[in-house]
Amino acid sequence: MKKLFTILFIGLISLSMNAQEKTAKIEFKDTTIDYGTINKGADGVRTFEFTNTGDAPLIVSKVSSSCGCTVPKKPEAPIMPGQTGEIEVKYDTNRVMPIRKTITVLSNATTPTVSLKIKGEVIDPSKTSVLEKKSKSVMEK
């Protein structure tokens with residue numbers, strides 16, 4: 001009877017060790033998105049594409065932004081091994097300023113925390129600089 005319990009105990013331990021070897025791995029196509037120079041009010045939606053290169057389902061538990069002007073959206077369903085997913089990011093382009101924001105992704109992957117970045121600049125084309133050179137001087141008009 002003791003031998004039977006010993007064999008079962010060893011079997012359960014080895015089974016749990018094999019289960020722990022399977023892990024999810026997240027690999028992003030790009031970790032930075034460059035908006036470039038965009039106009040005020042333009043479409044601020046971009047996506048980060050990633051792949052689960054591990055051998056266990058990938059669960060993205062939380063996606064947060066460093067600012068309220070950037071709203072990230074995580075996938076709700078687990079991403080199976082070999083499948084791809086996306087994290088959608090929407091930046092408020094009504095703010096005329098340079099864009100330098102960080103999106104933090106938390107998951108069950110071997111690297112549980114990944115930082116993604118967005119950059120660029122939002123300009124207002126209706127406002128011109130007083131320093132711009134004009135074609136005619138005031139005297140020529």
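Phe28 stands opposite Phe50 in S3. This is a predicted model, where local features need pLDDT of at least 70, side-chain atom pairs count only at pLDDT 80 or more, and totals for chains, interfaces and linings use all residues. Residues are numbered from 1 along each chain as its sequence is written, and side-chain values use heavy atoms, with hydrogens and water left out.

S1 and strand S3, residues 45-52, pair in the antiparallel sense over three bridges. Pairing here requires that DSSP finds at least two bridges between two strands.

Which strands make up the sheet, and in what order? Four strands form an open sheet, ordered S1-S3-S6-S5, with antiparallel pairing. Strand S1 (26-28) and strand S5 (70-73) are the edge strands, each pairing on one side only. From one strand to the next, the twist averages 30°; axes are lines fitted to C-alpha atoms, and angles run from 0 to 180 degrees between N-to-C directions.

Now the whole chain. Its secondary structure comes to one helix and eight strands, running α-β-β-β-β-β-β-β-β from the N terminus. These elements are DSSP runs, numbered from the N terminus: helices are H or I with at least four residues, strands E with at least two.

Of the 141 residues, 26% count as buried, that is, under 20% relative accessible area with a 1.4 Å probe, protein chains only. The chain exposes about 9900 Å², and carbon and sulfur atoms supply 56% of it; the areas come from the Shrake-Rupley method with a 1.4 Å probe.

Last, contacts, meaning heavy atoms within 4.5 Å. Among those between residues at least 6 apart in sequence, 66% join residues at least 24 apart.

Technical notes
Buried means under 20% relative accessible area, exposed over 50%, partly exposed in between (1.4 Å probe, protein chains only).
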